[in-house]
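Okay, thanks for making time, everyone.

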Amino acid sequence: MITIRFGLGLATIAAGISMNFGAAALEINPGDYEQFPSGATIGLLYYQFGQGNEAYSRGAKTTSDAKLDTNVGLIRLLHVYEIAPNVTIDPQFLLPVGAISTGGVLAPLGSPGGVGDVILTAPIKVKLDTAFKDVFAISPFLIAPTGSYDENRPLNFGSNRWQGVLQAAYVKHFDPVWSFDTIADVSFYSDNNRYNLNGIGKLSQAPQYELQGYLRYKITPALEVAGGFGGRLGGNQTFQQVSLRNSQGTSYGRLAIAYFPEPTFQVQAMIGRDLTVENGTKQATFVQVRLAKIFP
């Protein structure tokens, strides 16, 4: 239900900058903030593939030979509790695992893999007394530094720092088939005191902001299509109190289709790409397949 968007802040590649491959954003799939049945346990498996070759620095393309491919699997488990009439809370955890493949000017960074940082959250969802039962939700996330990390490696799957995200969403139902999801969040980061930038030191990051919107249409009760856009800004990093001038301004587009072959099992597929990138590798291809099983 959550797309774990991984990102790399690329500064001057020739300088041999060490990079951490941690969760940069928490993109939400269309329909994620609908209210689920009280008492349900839901298990989800994700596969995500990302591919890009173009690197950007401060909005200008620096090379088309910065190959960065990602293969990520994600395990997610949640349970739904009703805490008041029309109010539910969904405690859950997520664990990413995967591998990175680099090439071209990024080849010296290697191609590591491993376990990512554990994500914990508990969204609170409120079904509103509107004509078609809109939903308002708020969700705090805690991302713990449990992933694979070695300060002597130029590229890591874990981030070696804590991350907190506060996310709010509003699901507007125009009628029984049309709806629009609006999601906004802010991310906060602790320092990474073992960051290797031509020498071990402290990496700090300013808050990052993200806004997403998806229009959804139910073709049948079991089949839904969606499309939307999102963007991030902020997140500039400093190393030993010196700004890297690598804020994470990015915009992207997504298309998705979800199908229930039977009432307690859903298959969802999503494709997309980055539209603009301020700093980092532009993701030319993003593909996700998700399987969800509801245990009543």
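**Rings, charges, pocket, strands**

So, aromatic pairs: the count comes to 2. The rule takes rings of Phe, Tyr and Trp (for Trp, the six-membered ring) with centres within 6.5 Å, and calls planes under 30 degrees apart stacked, over 60 edge-to-face, and the rest tilted. One of them is Trp 178 with Tyr 217: the ring centres are 4.6 Å apart and the planes sit at 40°, so this pair is tilted. Trp 178 belongs to strand 17 and Tyr 217 to strand 20, so the contact ties together parts that are 39 residues apart in sequence. When I say strand, I mean a DSSP run of E with at least two residues, numbered from the N terminus.

Quick housekeeping before I go on. This is a predicted model, so local features need pLDDT of at least 70 and side-chain atom pairs count only at pLDDT 80 or more, while totals for chains, interfaces and linings use all residues. Residues are numbered from 1 along each chain as its sequence is written, and side-chain values use heavy atoms, with hydrogens and water left out.

Now the charges. Searching the whole structure gives 15 salt bridges, each being a side-chain nitrogen of Lys or Arg within 4 Å of a carboxyl oxygen of Asp or Glu. The part I'd like you to zoom in on is a network that links Glu 34, Asp 181, Arg 216, Lys 218 and Glu 224. Start with Glu 34 and Arg 216, whose closest N and O atoms are 2.7 Å apart. That pair joins distant parts of the chain: Glu 34 is in the loop between strand 3 (23-28) and strand 4, Arg 216 is in strand 20, and they are 182 residues apart.

Arg 216 also has a salt bridge to Glu 224, at 3.2 Å between the closest N and O atoms. Which of these two is buried? Both are: Arg 216 has 3% relative accessibility, and Glu 224 has a relative accessible area of 12%. Glu 224 meets Lys 218 too, at 3.7 Å from N to O, but Lys 218 is partly exposed at 31%.

Some of these residues come back when we look at the largest pocket. A pocket here is an open set of points on a 1 Å grid over the protein atoms alone, where a 1.4 Å probe fits, with protein on both sides within 12 Å along at least five of seven lines; lining residues have an atom within 4 Å of a point. The largest one holds about 710 Å³, where the volume is the space filled by probe spheres set on the points, joined across faces, edges and corners. It has 34 lining residues, and those nearest its centre are Gly 31, Glu 34, Arg 216, Lys 218 and Phe 260. Several strands give two or more residues to this lining, among them strand 4 (41-52), strand 20 (208-220) and strand 24 (250-262). By class, the lining has 19 nonpolar, 6 polar and 9 charged residues; Ala, Val, Leu, Ile, Met, Phe, Trp, Tyr, Cys and Pro count as nonpolar, Asp, Glu, Lys and Arg as charged, and the others, including Gly, as polar.

Staying with strand 24, it pairs with strand 25 in the antiparallel sense over 11 bridges, where pairing needs at least two DSSP bridges between the strands.

Last stop: an open sheet of 4 strands in the order 18-19-22-23, with antiparallel pairing. Which strands are at the edges? Strand 18 (192-196) and strand 23 (242-243), each pairing on one side only. Strands 18 and 19 form a hairpin with 3 residues between them, and Asn 198 in the turn has a positive phi of about 55°. In that pairing, Tyr 195 stands opposite Gly 201, and Gly 201 is buried at 5%.

Notes:
Buried means under 20% relative accessible area, exposed over 50%, partly exposed in between (1.4 Å probe, protein chains only).
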